[in-house]
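Have a look at the structure first, then read on.

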Amino acid sequence: MLTVFADSQNYWDDTRRGKIPACLTSTCDRGQDVCECYLTIEHRLTMMHEESQKLVYSLKGRLKEFDTASTIENLDELPFILTADGNNSRLVIAINRRFPGPMITAYEDQTVIVHVRNMMHTDSTTIHWHGMHQQGTTYADGVAFISQCPLGHGQEFTYKFKAKPHGTSFYHAHIGDQRTMGLYGALIVYPKQELPSTTRAEHVAVLQDWNHDDDAATLYQRMLYGVFDQSIRSRYEPTVSNDGGMYSRFLFHSGLVNGKGRYHRSDRTTNEAPLTQFEVMRDKWYTFRVISAATLYPFLVYVTGHSNLTLIASDGFAIQELVVNAFIINPGERYDFKIYTNQTDSNYMLVAKTLEKGRFHVAEAIIHYMNARINVNPAALLAAAALSCSPNCIYFNCPYQSLSNKDGTCLTYNDARTNDFNSRPEEVATIDQEFFFNFAFPGEDGFRPGSVNGRQFVPPVSPLFSQPEGLTTACAANCADNNLCTCTYTQEILNGKVYQFTLTNLGNGKGWSHPVHLHGHSFYVMKMGFGKFDSKGVLYDSTPDISCNIGSKGYCNNPVWANATWNGGNVPGLVLNRTAQKDTIIVPTHGYVVIRFKADNPGAWFFHCHIDLHNTNGMGMVIVESPNMYPKKPENFPICGDFRTNNDPIAAVDAGK
């Protein structure tokens, strides 16, 4: 295999400026062994026409120059004017000058080679290939201080891995909260053989919640100390979903689809910013690949005018078709659905609405039937209309068991079944060992760190995979029960064994749902367990299945089954027939999820809440899989760590030398 690097051709500049695609046209096609791409990461401003050095503004779905009011019609310019929600000009992280970054498409088992350079002046970064198992290539997983050292300004790093498994994935930053500033893009891997529900036509929709005020560093500080409204001298209280589950201190201002959205001043008044538009023909099946790159909020997704959506895959793995009216997607999740375009030629809306009670917060895009009149004015298309199925709606992937508004049926992952030729649920029919991990914010008033089993995660100063000897922040043996520890939490597992993880959201740190993502593996969702709901569908107590009666402070640092006969994998209600597979799952507040996987990929794998704010606040850990079997790291692999002088005096320098 021959790799052509940037010093022999001007690939860096040509891909950055859009003269050629990010992925070289001589690669990435079906039947080729390699897919090779170039990504340049840098800061840019939204609503800025860089060539003319002018600010732009939006009016009736079009962009205009701020000083002449001239409409920008040149289609070659528009992709490089980043709009977000059109509300003033804000800093973003662009990839090849685009936000989101360019979509990468490959074929299953191709070798993907991505050259990344960091041109941000002040920030270091890494890129994680979310959904890729990185079999034998732990060093390419892209997690700062777990699999690699971060890239500083001007540095380059080449990621090389197999495109596996197939399906809808994405790439994103994996240091701090950079994903919320735009460092992400779609990654689509086409299967070696056609899936049962494949359609020939498809669209990709990447969702994000958007905040006007906070950058990555500010978000972390808001997480620690809260958000305040100075005008009324009060603290912002988190919004809640209908069941009583809470959200955190990230204010939702707008929602974006593929980097575009509009700012809603009210349910029916917007700033008329341009939206992403998907073209469809009438009487045809289309697949929509929906990716949540959101910072915090789950979205309820539906299509106006089309009451039925057919779900066909989640996190890259095909599921038996489920016909629903809407589905919920959490940060880090991906869902594929298909629709049949049999409606009147017109313009419809793809809507992603937050689950917040009493709030109208949406991301939205236009679905345009090609024979319909083009209407780019978002003011004429409003997503506020209720689902036409009410009161008999069917929702999928609910983080609760009961609907508080009683307008339909709520399906969970207990109702999903695999339909993927790569799935092998029979491999996890029995287990070798089980562990419990409580994802929560335990503590006393004023100190409630994000944690797993009471351990607030601290990244090591050098990568656990390539420099394990540099770990100085390991968790102490007595970090449990009534203690809260700040340390690098790890759990070692053995290659070839089948593990059952029970993920809980209990104790005095519960209240927020957590989408938990496992690197290096996909898992089978064996069971979702929920809390207790009253007659109005509101949570009032935790599940009785888990015991937290260890420790007097209620931290639930060491959860166990309340009924000891459930130990060893003997949990009633497990899905043992065609169990669905994925890599990110919501752990409902007051409840739990049972997952299983076979340890078949030695490496250091991050395991964490995919809400950026929760993750950076400490809600993560590392699964260390058979360190004696780690894949060999590449030659000249970067190293990093502390430098200390041990208070030794500076040696005298002979001025004559």
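What follows covers the pocket, the cavity and the disulfides, in that order.

This is a predicted model, so local features need pLDDT of at least 70 and side-chain atom pairs count only at pLDDT 80 or more, while totals for chains, interfaces and linings use all residues. Residues are numbered from 1 along each chain as its sequence is written, and side-chain values use heavy atoms, with hydrogens and water left out.

**The largest pocket**

- A pocket here is an open set of points on a 1 Å grid over the protein atoms alone, with protein on both sides within 12 Å along at least five of seven lines; a cavity is a set of points where a 1.4 Å probe fits but cannot get out, and lining residues have an atom within 4 Å of a point.
- The largest pocket comes in at about 1200 Å³, where grid points are joined across faces, edges and corners and a volume is the space filled by probe spheres set on the points.
- Its lining runs to 35 residues, and Pro79, Lys260, Leu275, Thr276 and Gln277 are the ones nearest the centre.
- By type, the lining of the largest pocket splits into 20 nonpolar, ten polar and five charged residues. For that count, Ala, Val, Leu, Ile, Met, Phe, Trp, Tyr, Cys and Pro are nonpolar, Asp, Glu, Lys and Arg are charged, and the others, Gly among them, are polar.
- Strands E4 (62-65), E11 (184-190), E12 (201-210) and E18 (277-280) each give at least two residues to this lining; strands (E, at least two residues) are DSSP runs, numbered from the N terminus.
- Domain 1 (8-47 + 83-190) and domain 2 (202-415) each contribute at least three lining residues to the largest pocket, with domain bounds taken from an automatic or database domain assignment.

**The cavity**

- How many cavities of 30 Å³ or more does a search of the whole structure find? It finds one.
- The largest cavity has a volume of about 170 Å³.
- There are 18 residues in its lining, with Met246, Tyr247, Pro298, Ser513 and Ile586 nearest the centre.
- The lining of the largest cavity is made up of twelve nonpolar residues, five polar and one charged.
- Domain 2 (202-415) and domain 3 (425-629) each put at least three residues into that lining.

**Disulfides**

- Taking a disulfide as a pair of cysteine sulfur atoms within 2.5 Å, the count is seven.
- Cys28 and Cys35 are joined at an S to S distance of 2.0 Å, and with 85° about the S-S bond the link is right-handed.
- Cys28 is buried at 8% relative accessible area and Cys35 is buried at 0%; buried means under 20%, exposed over 50%, and partly exposed in between (1.4 Å probe, protein chains only).
- Cys475 and Cys487 pair up with their sulfur atoms 1.9 Å apart, and the torsion about their S-S bond is about 85°, so this one is right-handed.
- That pair links distant parts of the chain, twelve residues apart: Cys475 is in the loop between strand E31 (455-457) and strand E32 (485-487), and Cys487 is in strand E32.
- Cys475 is partly exposed at 23% relative accessibility, whereas Cys487 is buried at 3%.
- Cys479 and Cys485 also form a disulfide, sulfurs 2.1 Å apart; its torsion of about 135° makes it right-handed, and both cysteines are buried.

**A cysteine without a partner**

- Cys609 is in no disulfide, and the nearest cysteine sulfur, that of Cys556, is 17 Å away.
- Cys609 is buried, at 0% relative accessibility.

Methods:
Helix = DSSP H or I, 4+ residues; strand = E, 2+ residues; numbered from the N terminus.
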